[in-house]
Amino acid sequence: MARASTRARVHAAVLSLAAESGFGGLTMEGIAARAGAGKQTLYRTWSSPAAVLLDALLEQSLDASGEVAIPDTGDLRADLETLVHGMIAELTDPATDRLLRAVTAELQTDPAVGSEVLDRLLGPQLRAIADRLARAGVECPEDGAELLLGPVFHRWLLRTRPFTEDWPAAHVERVLRAVSFG
């Protein structure tokens, strides 16, 4: 495992290289050179350029304690709307949209990248949402969590329709009705 200072340099390097040349231009050699680290250092921590990029992107989604956090103010509807707004903002940010799409494509063919996304981001996020729904008395809260996130990813990934300003609130309302909450 790379030291924190090395990880920070490698993350900065992979994000800047990916912004300059896209996902296809990433190599372990290029990342190591930009970060001022040895290739062996990278390979001891990450298996591929995709894994390095994923790690850097995931790091941006964690709170100060290193956990995937969802809002929890006590107002379930408002918290889920805040979460959906935040997801949309992150997914559609021009600075990361292309990179997130590349990582999403990579996780379809690289089981290690897919496992990393599930273990470090999607799994904890789904569990946290399901926990919030369960505390609100929702039956089958795991299904409710997937109902909340699935359409966001579908609309973003397939570009079926744009996200309008009122879509997050309407989406959360549809999900809460579907799971019979208030």
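Gln 125 is buried, with a relative accessible area of 8%, where buried means under 20% relative accessible area, exposed means over 50% and partly exposed lies in between, for a 1.4 Å probe and protein chains only. The model is predicted, so that local features need pLDDT of at least 70 and side-chain atom pairs count only at pLDDT 80 or more, while totals for chains, interfaces and linings use all residues. Residues are numbered from 1 along each chain as its sequence is written, and side-chain values use heavy atoms, with hydrogens and water left out.

Gln 125 is found in helix H7, helices being DSSP runs of H or I with at least four residues and strands runs of E with at least two, numbered from the N terminus. Leaving aside neighbours within four places in sequence, Gln 125 is in contact with Val 68, Ile 70, Leu 83, Met 87 and Leu 149, contact meaning heavy atoms within 4.5 Å. One of these partners, Met 87, has its place in helix H5 (residues 76-92) and is likewise buried, with a relative accessible area of 8%. With the same exclusion of neighbours within four places, Met 87 is in contact with Gln 125, Leu 149, Val 152 and Phe 153.

The axes of H7 and helix H8 (residues 141-158) come within 8 Å and cross at roughly 125°, the axes being lines fitted to C-alpha atoms, for helices over the stretch in contact, and the angles running from 0 to 180 degrees between N-to-C directions. That makes H7 oblique to H8, since angles under 35 degrees count as roughly parallel, over 145 as roughly antiparallel, 65 to 115 as roughly perpendicular and the rest as oblique. The residues that make the contact include Gln 125 and Leu 126 of H7 and Leu 149 and Phe 153 of H8. The residues of this contact of H7 with H8 divide into 11 nonpolar, 2 polar and 2 charged, with Ala, Val, Leu, Ile, Met, Phe, Trp, Tyr, Cys and Pro counted as nonpolar, Asp, Glu, Lys and Arg as charged, and the others, Gly among them, as polar.

Helix H4 (residues 49-59) also meets H7 (residues 111-135), and their axes come within 10 Å and cross at roughly 15°. H4 and H7 are therefore roughly parallel to each other. Among the residues making the contact are Leu 54 and Leu 58 of H4 and Val 117 and Leu 121 of H7, and the residues of the contact divide into 7 nonpolar, no polar and 4 charged.
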